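Open the model in your viewer and keep the sequence panel beside it. We will go from one selection to the next, with a short note on what to look for at each stop.

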Amino acid sequence: QWDALHLNVYACLICGKYFQGRGPSSQAYFHSLDEDHHVFINMETKKTYVLPEGYEVKSKSLDDIRFVVDPRLPKDEVMRIDKEPRVAWDMLGRKYIPGFVGMNNIKANDYLNVVIQLLSHVPPLRNFFMLEDLSGKPQLAQRAAILVRKIWNPKAFKAHVSPHELLQEVALRSSKRFTLTEQSDPVDFLNWFLNNLHLALGGSKSKPGTSIVQWRRWQ
(Lines give C-alpha, C1' and ligand atoms only; values in the text may rest on other atoms or scores of the structure.)
Protein backbone atom coordinates (compact mmCIF):
# COMPACT_ATOMS: atom_id res chain seq x y z
CA GLN A 1 0.00 0.00 0.00
CA TRP A 2 2.81 2.41 0.83
CA ASP A 3 4.71 1.69 -2.36
CA ALA A 4 1.63 2.32 -4.51
CA LEU A 5 2.08 6.01 -3.72
CA HIS A 6 5.31 6.03 -5.70
CA LEU A 7 4.28 4.22 -8.87
CA ASN A 8 4.36 5.96 -12.23
CA VAL A 9 6.76 8.75 -11.23
CA TYR A 10 8.29 10.87 -13.99
CA ALA A 11 11.21 13.29 -13.81
CA CYS A 12 11.57 16.27 -16.09
CA LEU A 13 14.97 16.00 -17.74
CA ILE A 14 15.16 19.78 -18.13
CA CYS A 15 14.64 20.96 -14.54
CA GLY A 16 14.65 17.72 -12.52
CA LYS A 17 11.17 18.08 -11.00
CA TYR A 18 9.12 14.96 -10.25
CA PHE A 19 5.53 14.26 -11.23
CA GLN A 20 3.11 11.36 -10.94
CA GLY A 21 1.81 10.18 -14.30
CA ARG A 22 2.11 11.72 -17.76
CA GLY A 23 -1.48 11.66 -19.05
CA PRO A 24 -3.44 14.71 -20.27
CA SER A 25 -4.63 15.51 -16.74
CA SER A 26 -1.24 15.04 -15.06
CA GLN A 27 1.00 17.77 -13.65
CA ALA A 28 3.78 16.59 -15.96
CA TYR A 29 1.55 17.26 -18.96
CA PHE A 30 0.78 20.81 -17.78
CA HIS A 31 4.42 21.34 -16.85
CA SER A 32 5.43 20.56 -20.44
CA LEU A 33 2.97 23.18 -21.71
CA ASP A 34 3.62 25.87 -19.09
CA GLU A 35 7.42 25.60 -18.91
CA ASP A 36 8.18 24.39 -22.44
CA HIS A 37 9.96 21.36 -20.95
CA HIS A 38 9.20 18.32 -23.04
CA VAL A 39 11.37 15.31 -22.13
CA PHE A 40 10.48 13.12 -19.13
CA ILE A 41 11.86 9.84 -17.82
CA ASN A 42 9.93 7.18 -15.91
CA MET A 43 11.92 6.60 -12.71
CA GLU A 44 11.03 2.90 -12.58
CA THR A 45 11.22 1.72 -16.18
CA LYS A 46 13.77 4.36 -17.33
CA LYS A 47 11.70 4.86 -20.50
CA THR A 48 11.77 8.40 -21.89
CA TYR A 49 8.79 10.30 -23.29
CA VAL A 50 8.10 13.57 -25.03
CA LEU A 51 5.14 15.56 -23.69
CA PRO A 52 2.53 16.75 -24.40
CA GLU A 53 2.51 14.42 -27.43
CA GLY A 54 3.22 11.39 -25.23
CA TYR A 55 5.43 9.34 -27.54
CA GLU A 56 8.41 7.31 -26.32
CA VAL A 57 11.96 8.26 -27.30
CA LYS A 58 14.25 5.27 -27.88
CA SER A 59 17.38 7.12 -28.92
CA LYS A 60 20.74 5.69 -27.80
CA SER A 61 21.78 9.26 -27.08
CA LEU A 62 19.76 9.06 -23.86
CA ASP A 63 21.63 6.03 -22.49
CA ASP A 64 23.98 8.22 -20.46
CA ILE A 65 21.00 9.93 -18.82
CA ARG A 66 19.41 6.57 -18.00
CA PHE A 67 22.67 5.46 -16.44
CA VAL A 68 22.93 8.58 -14.28
CA VAL A 69 19.33 8.10 -13.07
CA ASP A 70 20.26 4.66 -11.73
CA PRO A 71 23.96 3.78 -12.14
CA ARG A 72 24.75 0.08 -12.44
CA LEU A 73 28.31 -1.25 -12.45
CA PRO A 74 29.38 -4.83 -13.24
CA LYS A 75 30.35 -7.00 -10.27
CA ASP A 76 34.06 -7.15 -11.12
CA GLU A 77 34.21 -3.35 -11.20
CA VAL A 78 32.43 -3.05 -7.86
CA MET A 79 34.79 -5.55 -6.24
CA ARG A 80 37.78 -3.48 -7.40
CA ILE A 81 36.56 -0.22 -5.85
CA ASP A 82 38.72 -0.41 -2.73
CA LYS A 83 41.70 -1.92 -4.54
CA GLU A 84 41.92 0.53 -7.42
CA PRO A 85 40.84 4.08 -6.47
CA ARG A 86 39.32 5.64 -9.56
CA VAL A 87 39.48 9.18 -10.87
CA ALA A 88 36.62 10.47 -13.03
CA TRP A 89 35.58 13.69 -14.77
CA ASP A 90 32.18 15.36 -14.83
CA MET A 91 30.54 16.98 -17.85
CA LEU A 92 32.49 20.21 -17.30
CA GLY A 93 35.78 18.37 -17.27
CA ARG A 94 36.29 18.69 -13.53
CA LYS A 95 38.06 15.82 -11.80
CA TYR A 96 36.36 13.95 -8.96
CA ILE A 97 36.75 10.66 -7.10
CA PRO A 98 33.67 8.38 -7.12
CA GLY A 99 32.53 7.79 -3.56
CA PHE A 100 33.89 11.14 -2.41
CA VAL A 101 31.33 13.56 -3.80
CA GLY A 102 29.21 16.26 -2.22
CA MET A 103 25.57 15.89 -1.20
CA ASN A 104 23.09 18.73 -1.47
CA ASN A 105 22.05 20.30 1.81
CA ILE A 106 18.60 21.31 0.60
CA LYS A 107 17.51 23.03 3.82
CA ALA A 108 18.40 21.26 7.06
CA ASN A 109 19.14 17.70 5.97
CA ASP A 110 22.85 17.56 6.75
CA TYR A 111 22.08 15.08 9.55
CA LEU A 112 20.91 12.61 6.86
CA ASN A 113 23.77 13.43 4.50
CA VAL A 114 26.45 12.50 7.03
CA VAL A 115 24.76 9.17 7.81
CA ILE A 116 24.40 8.22 4.15
CA GLN A 117 28.00 9.20 3.41
CA LEU A 118 29.13 7.03 6.31
CA LEU A 119 27.06 4.00 5.32
CA SER A 120 28.08 4.30 1.66
CA HIS A 121 31.65 3.56 2.76
CA VAL A 122 30.84 0.34 4.63
CA PRO A 123 32.01 -2.14 1.94
CA PRO A 124 29.55 -5.04 2.54
CA LEU A 125 26.55 -2.71 2.65
CA ARG A 126 27.80 -0.58 -0.25
CA ASN A 127 28.48 -3.61 -2.46
CA PHE A 128 25.08 -5.08 -1.62
CA PHE A 129 23.32 -1.89 -2.68
CA MET A 130 25.39 -1.64 -5.85
CA LEU A 131 24.83 -5.21 -6.99
CA GLU A 132 21.50 -6.50 -5.68
CA ASP A 133 18.20 -6.16 -7.54
CA LEU A 134 15.91 -4.51 -4.99
CA SER A 135 13.08 -3.73 -7.40
CA GLY A 136 10.70 -5.86 -5.36
CA LYS A 137 11.62 -4.27 -2.04
CA PRO A 138 9.98 -1.23 -0.36
CA GLN A 139 10.90 2.23 -1.59
CA LEU A 140 13.14 2.98 1.41
CA ALA A 141 15.53 0.22 0.35
CA GLN A 142 15.32 1.10 -3.35
CA ARG A 143 15.98 4.80 -2.86
CA ALA A 144 18.83 4.21 -0.43
CA ALA A 145 20.45 1.85 -2.93
CA ILE A 146 20.07 4.30 -5.83
CA LEU A 147 21.64 7.09 -3.77
CA VAL A 148 24.61 4.90 -2.85
CA ARG A 149 25.07 3.96 -6.51
CA LYS A 150 24.98 7.64 -7.46
CA ILE A 151 27.63 8.45 -4.86
CA TRP A 152 29.91 5.84 -6.46
CA ASN A 153 28.98 6.68 -10.06
CA PRO A 154 32.11 7.04 -12.26
CA LYS A 155 30.09 8.70 -15.05
CA ALA A 156 28.32 11.46 -13.12
CA PHE A 157 27.31 14.67 -14.86
CA LYS A 158 28.14 16.64 -11.70
CA ALA A 159 30.41 15.82 -8.77
CA HIS A 160 27.60 15.99 -6.23
CA VAL A 161 24.31 14.17 -5.66
CA SER A 162 20.91 15.04 -4.26
CA PRO A 163 19.30 12.99 -1.46
CA HIS A 164 15.88 14.48 -2.23
CA GLU A 165 14.19 11.22 -3.30
CA LEU A 166 15.40 9.39 -0.20
CA LEU A 167 14.44 12.34 2.01
CA GLN A 168 10.88 12.22 0.70
CA GLU A 169 10.60 8.53 1.56
CA VAL A 170 12.20 9.01 4.99
CA ALA A 171 9.75 11.80 5.83
CA LEU A 172 6.84 9.59 4.77
CA ARG A 173 8.02 6.47 6.58
CA SER A 174 8.90 8.33 9.77
CA SER A 175 5.61 10.28 9.81
CA LYS A 176 7.68 13.47 9.39
CA ARG A 177 9.89 12.73 12.36
CA PHE A 178 12.82 13.27 9.97
CA THR A 179 12.42 15.96 7.31
CA LEU A 180 14.54 18.24 5.15
CA THR A 181 13.28 21.40 6.88
CA GLU A 182 14.22 20.64 10.50
CA GLN A 183 17.49 19.54 12.03
CA SER A 184 17.63 16.11 13.67
CA ASP A 185 20.22 14.23 15.68
CA PRO A 186 22.28 12.12 13.23
CA VAL A 187 22.67 9.30 15.79
CA ASP A 188 18.90 9.25 16.31
CA PHE A 189 18.40 9.14 12.55
CA LEU A 190 21.05 6.41 12.13
CA ASN A 191 19.22 4.18 14.61
CA TRP A 192 15.87 4.76 12.94
CA PHE A 193 17.26 4.33 9.44
CA LEU A 194 19.11 1.07 10.12
CA ASN A 195 16.11 -0.45 11.90
CA ASN A 196 13.73 0.47 9.09
CA LEU A 197 16.20 -0.47 6.37
CA HIS A 198 16.58 -3.88 8.01
CA LEU A 199 12.81 -4.40 7.86
CA ALA A 200 12.59 -3.07 4.28
CA LEU A 201 15.15 -5.68 3.23
CA GLY A 202 13.04 -8.46 4.70
CA GLY A 203 14.74 -8.63 8.08
CA SER A 204 13.00 -10.02 11.13
CA LYS A 205 12.09 -7.94 14.17
CA SER A 206 13.07 -10.76 16.52
CA LYS A 207 15.58 -12.93 14.65
CA PRO A 208 19.10 -11.46 14.29
CA GLY A 209 21.19 -11.71 11.16
CA THR A 210 18.24 -11.78 8.77
CA SER A 211 19.37 -8.92 6.51
CA ILE A 212 22.62 -7.36 5.34
CA VAL A 213 22.07 -4.62 7.94
CA GLN A 214 22.60 -7.15 10.73
CA TRP A 215 25.25 -9.22 8.99
CA ARG A 216 27.49 -10.37 11.83
CA ARG A 217 30.80 -10.04 10.01
CA TRP A 218 30.61 -6.29 9.98
CA GLN A 219 28.23 -5.68 12.88
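A salt bridge here is a side-chain nitrogen of Lys or Arg within 4 Å of a carboxyl oxygen of Asp or Glu. Keep that cut-off in mind, and remember as you go that this is a predicted model.

**Stop 1**

Select Lys46 and Asp70. Their closest N and O atoms are 3.9 Å apart, and the two residues form a salt bridge because that distance is within 4 Å. Lys46 sits in the loop between strand 3 and strand 4, while Asp70 belongs to the loop between helix 2 (63–69) and helix 3, so this pair ties together parts that are 24 residues apart in sequence. Are these two residues buried or exposed? Both Lys46 and Asp70 are buried.

**Stop 2: other salt bridges**

How many salt bridges does the structure hold? The count is 12. One of them joins the side chains of Asp90 and Arg94, with 2.9 Å from N to O.

Next, pick Lys150 and Glu165, another salt-bridged pair, whose closest N and O atoms lie 3.5 Å apart. Lys150 is in helix 6 and Glu165 is in helix 7, so to speak a link between distant parts of the chain, 15 residues apart. Lys150 is buried, with a relative accessible area of 19%, and Glu165 is buried as well, at 16%.

**Stop 3**

For a closer look, select residues 9–12 and 39–42. These are strand 1 and strand 3, which pair in the antiparallel sense over three bridges. Tyr10 stands opposite Asn42 in strand 3.

**Stop 3: backbone details**

As background, most residues other than glycine have a negative phi, and most peptide bonds are trans. Where does a cis peptide bond occur? Look between Leu51 and Pro52, where omega is about 10°. Pro52 lies in the loop between strand 4 (48–50) and strand 5.

Now move to Asp36, a residue other than glycine with a positive phi, near 65°. Asp36 is in the loop between helix 1 (27–35) and strand 3, and this residue is exposed, with a relative accessible area of 56%. Lys176 also has a positive phi, about 65°, although it is not a glycine. You will find Lys176 in the loop between helix 7 (164–173) and helix 8 (186–200); at 67% relative accessibility, Lys176 counts as exposed.

**Stop 4: helix 5 and its neighbours**

Finish by selecting residues 123–131, which make up helix 5. Show the side chains of Leu125, Arg126, Asn127, Phe129 and Met130: these residues are buried. Which helices do the buried residues of helix 5 pack against? Colour helix 3 (75–79), helix 4 (110–119), helix 6 (139–151) and helix 8 to see these packing partners.

Terms used:
Residues are numbered from 1 along each chain as its sequence is written. This is a predicted model: local features need pLDDT of at least 70, side-chain atom pairs count only at pLDDT 80 or more; totals for chains, interfaces and linings use all residues. Side-chain values use heavy atoms; hydrogens and water are left out. Two strands pair if DSSP finds at least two bridges between them. Helices (H or I, at least four residues) and strands (E, at least two) are DSSP runs, numbered from the N terminus. Buried means under 20% relative accessible area, exposed over 50%, partly exposed in between (1.4 Å probe, protein chains only). Contact means heavy atoms within 4.5 Å.
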